[in-house]
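Colleague: I am new to this structure and would like a close look at a single part of it, the place where two neighbouring chains meet. Please take me through that part in one connected answer.

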Protein chains: 4
Amino acid sequence: MTEERWFQLTYWPLLVASLVFIVAYSWQVIADLQGTAESIARGLIFATWIVFIIDYLVRLWLSSPRGRWFRHHIFDLLVVVLPPLKPLRLLQAFTRISSKRTSQGTALRSRISVYGAGAALILIWVAALAVLDAERGAPGANIETFGDAVWWAFVTITTVGYGDYYPVTPGGRTVAVGLMAGGVAVVGVVTATFASWVLEKAAARSSDDDEPATRGQVRNVARSLAELTAKLGEPPAK
Amino acid sequence: MTEERWFQLTYWPLLVASLVFIVAYSWQVIADLQGTAESIARGLIFATWIVFIIDYLVRLWLSSPRGRWFRHHIFDLLVVVLPPLKPLRLLQAFTRISSKRTSQGTALRSRISVYGAGAALILIWVAALAVLDAERGAPGANIETFGDAVWWAFVTITTVGYGDYYPVTPGGRTVAVGLMAGGVAVVGVVTATFASWVLEKAAARSSDDDEPATRGQVRNVARSLAELTAKLGEPPAK
Amino acid sequence: MTEERWFQLTYWPLLVASLVFIVAYSWQVIADLQGTAESIARGLIFATWIVFIIDYLVRLWLSSPRGRWFRHHIFDLLVVVLPPLKPLRLLQAFTRISSKRTSQGTALRSRISVYGAGAALILIWVAALAVLDAERGAPGANIETFGDAVWWAFVTITTVGYGDYYPVTPGGRTVAVGLMAGGVAVVGVVTATFASWVLEKAAARSSDDDEPATRGQVRNVARSLAELTAKLGEPPAK
Amino acid sequence: MTEERWFQLTYWPLLVASLVFIVAYSWQVIADLQGTAESIARGLIFATWIVFIIDYLVRLWLSSPRGRWFRHHIFDLLVVVLPPLKPLRLLQAFTRISSKRTSQGTALRSRISVYGAGAALILIWVAALAVLDAERGAPGANIETFGDAVWWAFVTITTVGYGDYYPVTPGGRTVAVGLMAGGVAVVGVVTATFASWVLEKAAARSSDDDEPATRGQVRNVARSLAELTAKLGEPPAK
């Protein structure tokens, strides 16, 4: 079995596993489950984790050479080691966005915008769950409800940082560091997308004659010249 | 009637409706209206809303194909659903900025600067009104005067976030999230405009001979070559 | 007298006036002058203001057409209306930075870095003076010493915004808004300069043969072709 | 002895000196050493400082012309004057990253990412040590443990700035200003790297024929034309 075939076979199961994870985790944290319900939620979360670990190991085993695959899939390893990143898998559902747009640049920018916004929202939701899970009940903690946790996540990812809510436990702070790094990346992606648009507009020429010459054009000239040279090389028609 | 004709007919009425909205909303919130005066202000705001909804529906009805128009006018739908965004219509008043500038890049950059600054100021003003409307009188709220609300909006859109004022109600926090997103976009636009300027300067060549060859140039060479080939194809003058 | 001549004549006097302004303003605010000393400092500040107003009016009068000059020197008008911006004149002292660098892009980037760092430091110093001037003694104010004011200015211009110090008076907040806008611009300039460097490096080709063709090259080809055509048009040498 | 030779000879000794510095400094600050242990740690730190000063002086002495070397190695001078920057030397260990990647742009971007992340982590670690060293025990200080100092450094370098911890001593604030400047630079580098990637993708043409013409191509055409001209210049074959 090839890696490609495995990828197609596991597309839907992994998407469903991501959804199960996010629903079970949200349910466990928001409802602050105790007893049997908590066990069920934790069981579901653990099951999705096993699914992702198996998928990673099978893909590593199918790939060749393995060292190269490992180096090029560091992010997949991160998703396996850090379960809260699993919902980022849901972004794959957007892969089939139609891209019948005017230019390639525009198509790329709309795809980046959709992916960037989707990743930011998933990060905010998961970080709010994780920080609430870590902080609730800790001495001196001020993030005590899910509403406050979501608000804190928005304030953090945009790097505003009012300081009305902030984590105080090592676990909550680790989540916060990840979210801040995500915030710097979000600002970077937004800026890069705007910059690409401004540069494309600013470089637009008034007429096609002012565009840079293409390789195809010069190849045509070279071919014409070769034909002329060949003709002149023949003995002149008597 | 075509969509273009409708657009021209409604240009001034919609601009006036945006102005009426912002004046009525500012009056209602800043003066903290009660009784009859509040009813009048709310009536004016509601009337401008009706005007925008009718405009949207007529344009959707006139367009063809409608699915495509809908997808390309998501922002117009947002303005209809979220009335506080209506004043962004005022930016259209800048559409006729003369652009007799030295280069196309410079013209584009001055237009982006004017639009960006205008959009930022309108967002700050409207967000200050909306957050004051949501927060005033709420338990634990600290944004109680319009001056403080404007100051809070500036601190938020630049992502400084001192934390001397911050919203505590769900409504106020929703407004804040929109303003923070606007802040990230403003930083992105400023950076992209600077980047475009730096790149244009850094790429400037010392002489025209060093500029990239244009398509027009190569077309001229190809034409000369074709003429020469045609001439040589004729029987040599006896 | 031409505008160019006036510019050369007033180069040193205006630089000195900027220096006098910043020294007198620093002295007045930091030493919290009272009585005669305050009158002297205020007199010096007022005198430099008069100098800048006269310079602006003379240049407007010498220019032609005046409407165009006015539109292109909005920043000069800002400096005259807002005296604290006068020290930005000191940046002109860097105009003669030698630029014997390897490439034009590198020369441009080092100039932007020097100007950007200089403008940021002047903005921080002047904003610290202005905010201390506005806040000291106001009820509820927390910026009371020059050291705290400088620290506050650094925290604000980098958009960190801890919230340990913040202005509470309308005057202090106006200064803060200007400084935040400066902060967004500083981040934009730093990013744009890095982006220009990364893009130049990433676009570097391995050999000169892979660089885009230049206009000069194609002009040479066209000239050779024209010479050949002219030669063939002559009667063949018998 | 040439500068190049000296550089190779001192590569490993300086790397080890950087490591000794960071271990000794971490030990001294985190364990809050007193008495003999503190003297040993301070002695080690002082020894690494001497090593760096000697290296700088020898390289200045070997270089020619010295004025030019001095201007191009301002950063090296900074490292000597500000000992906490010494661990940045450790980044040199990454110099030998293999770069067998698909394109030059990708290779450059992965190198920038690795360097940027490494520099950010070293800055955070060293700033946390330096700020804890300056703040611990100062009246009114709130950064009292190493965990809080690291958390404060992350919150500062991403420009989030909650304000739950902030320095109050001149020494601690100086460290903070350096870290904030580093934060602005980190955001700039991240954005520039994303922008380079977006621009390269957006500029990718669908076929090689649509790429800009290269200098090599036009040189080939010019050579063919010259050969043809030379042939036609010969007497026609009888």
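Modeller: Between chain C and chain D the count is one salt bridge. Its partners are the side chains of C:Asp148 and D:Arg173, with 3.0 Å from N to O. The most comes from H7(C), which gives ten residues. Sorted by class, this side of chain C has 22 nonpolar, eight polar and eight charged residues. The model is a predicted one, and the polar contacts between chain C and chain D come to four residue pairs, both residues being at pLDDT 80 or more.

As for extent, 38 residues of chain C and 39 residues of chain D take part in the contact. About 3400 Å² is buried between chain C and chain D, and carbon and sulfur atoms give 70% of that area.

The two chains can also be compared as copies. Chain A is superposed on chain B by a rotation of 90° and 0.0 Å of shift along its axis, with an RMSD of 0.1 Å. That is how a four-fold axis relates copies.

Some local features of the chains complete the picture. In chain D, a cis peptide bond joins D:Ser64 and D:Pro65, with omega about -5°. D:Pro65 sits in the loop between helix H2 (35-62) and helix H3 (66-72) of chain D. Chain B has a cis peptide bond between B:Ser64 and B:Pro65, where omega is about -5°. The loop that holds B:Pro65 runs between helix H2 (35-62) and helix H3 (66-72) of chain B. Most peptide bonds are trans, and most residues other than glycine have a negative phi.

Positive phi values occur in chain B. B:Asp32 has a phi near 50° and belongs to the loop between helix H1 (3-30) and H2 of chain B. With a relative accessible area of 37%, B:Asp32 is partly exposed. For B:Thr159, phi is near 60°, and the residue lies in the loop between helix H6 (146-157) and helix H7 (170-203) of chain B. B:Thr159 is buried, its relative accessible area being 6%.

Notes
Residues are numbered from 1 along each chain as its sequence is written. Chains are lettered from A and ligands numbered from 1 in the order in which they are written. Side-chain values use heavy atoms; hydrogens and water are left out. Contact means heavy atoms within 4.5 Å. Buried area is the accessible area (1.4 Å probe) that two parts lose on being put together, summed over both. A salt bridge is a side-chain nitrogen of Lys or Arg within 4 Å of a carboxyl oxygen of Asp or Glu. A polar contact is a pair of N or O atoms within 3.5 Å; within protein, one must be able to donate a hydrogen and the other to accept it, and residues adjacent in sequence count only if both atoms are side-chain atoms. Helices (H or I, at least four residues) and strands (E, at least two) are DSSP runs, numbered from the N terminus. Ala, Val, Leu, Ile, Met, Phe, Trp, Tyr, Cys and Pro count as nonpolar, Asp, Glu, Lys and Arg as charged, and the others, Gly among them, as polar. Copies are superposed by least squares on the C-alpha atoms of residues with pLDDT of at least 70 in both. Buried means under 20% relative accessible area, exposed over 50%, partly exposed in between (1.4 Å probe, protein chains only).
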